Amino acid sequence: MLQPHVTMPPLIILGLAHLAAVYALFQILTSRRTVTAGWRAVGPSGMHWFCFAGLWALSAFITWIWIFVGSSRPDGDTQMLWALALALFFAVGAAWGGLHVASLRRASLRWRGAQIRWEAKGASQAKEMAGIVSAKRRANGALRLTFADGNVFDLDIHASNADAFLASISERRGEDIW
């Protein structure tokens, strides 16, 4: 039985937020990750997966409480307003996190020796570590690697194996790029 505070406009907005998380899940499931024997790979870490799955689980739980349980306290209306806001923010966060996981999987960043390969815009990119001319932190926390030919790659420093990748670049260049 729906609670009396559940009205159509917030229910539709919350449904759209959960639909965005479903879209992110679809993107994750359809993202193709290139796995090549002998190459080390950078991909989503446990933090990325928890961001997606954990936020979506919290949102689903709070949504269920908002729709079916409600609150019998005197300040129940305020509680349910906050529950709606939390469910909405967690669902949007899950969608964002899922799309980030999908983009990390699609990029398929990998390296072997001094060679780097990744997928960008449907094409495979291959570069040498010696071709990196700069590495700068961006406002979103990523490390932008710029190559001599103008190509760039934004590395999520929290991704799985990103630290080993950066250590390999620093070792081959003879200087710490991080």
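The questions and answers below concern pockets, salt bridges and surface features of a predicted model.

Reader: Which element gives the largest share of the lining of the largest pocket?
Author: The largest pocket has a volume of about 480 Å³, and 20 residues line it, with His100, Ser103, Leu104, Asp154 and Asp156 lying nearest its centre. Two or more lining residues come from each of helix H2 (46–69), helix H3 (76–107) and strand S7 (152–155). With six residues, the largest share of this lining is that of H3.

Reader: How many residues of the lining of the largest pocket are charged?
Author: The lining of the largest pocket is made up of 20 residues. Sorted by class, these comprise 11 nonpolar and seven polar residues, and the number of charged ones is two.

Reader: Which residue meets Glu175 in a salt bridge, and how accessible are the two?
Author: Side chains of opposite charge can pair when their charged atoms come close. Here the N to O distance is 2.7 Å, with Glu175 as one side of the salt bridge. Glu175 counts as partly exposed at 41% relative accessibility.

Reader: Which residues are linked with Asp154 in a network of salt bridges?
Author: The structure holds six salt bridges, and Asp154 is also among the residues that lie nearest the centre of the largest pocket. The residues linked with Asp154 in a network of salt bridges are Arg138 and Arg144.

Reader: What is the area of the nonpolar surface patch that includes Leu2?
Author: Leu2 sits in the segment before helix H1 (8–30) and is partly exposed, with a relative accessible area of 48%. Because a patch takes residues with over 30% relative accessible area, Leu2 at 48% passes that cut-off. Together with Phe61, Trp64, Phe68 and Val69, Leu2 makes a patch of about 510 Å².

Reader: How far apart in space are Leu81 and Ser168?
Author: Leu81 lies in helix H3 and counts as exposed at 57% relative accessibility. In sequence, Leu81 and Ser168 are 87 residues apart, and in space their C-alpha to C-alpha distance is 50 Å.

Definitions and conventions. Residues are numbered from 1 along each chain as its sequence is written. This is a predicted model: local features need pLDDT of at least 70, side-chain atom pairs count only at pLDDT 80 or more; totals for chains, interfaces and linings use all residues. Side-chain values use heavy atoms; hydrogens and water are left out. Patches are made of residues with over 30% relative accessible area and no salt bridge: like charges are joined within 9 Å, nonpolar side chains (Val, Leu, Ile, Met, Phe, Trp, Tyr) within 5 Å. Accessible areas come from the Shrake-Rupley method with a 1.4 Å probe; for residues, only the protein chains shown count as cover. A salt bridge is a side-chain nitrogen of Lys or Arg within 4 Å of a carboxyl oxygen of Asp or Glu. Helices (H or I, at least four residues) and strands (E, at least two) are DSSP runs, numbered from the N terminus. Buried means under 20% relative accessible area, exposed over 50%, partly exposed in between (1.4 Å probe, protein chains only). On a 1 Å grid over the protein atoms alone, a cavity is a set of points where a 1.4 Å probe fits but cannot get out, and a pocket is an open set with protein on both sides within 12 Å along at least five of seven lines; lining residues have an atom within 4 Å of a point. Grid points are joined across faces, edges and corners, and a volume is the space filled by probe spheres set on the points. Ala, Val, Leu, Ile, Met, Phe, Trp, Tyr, Cys and Pro count as nonpolar, Asp, Glu, Lys and Arg as charged, and the others, Gly among them, as polar.
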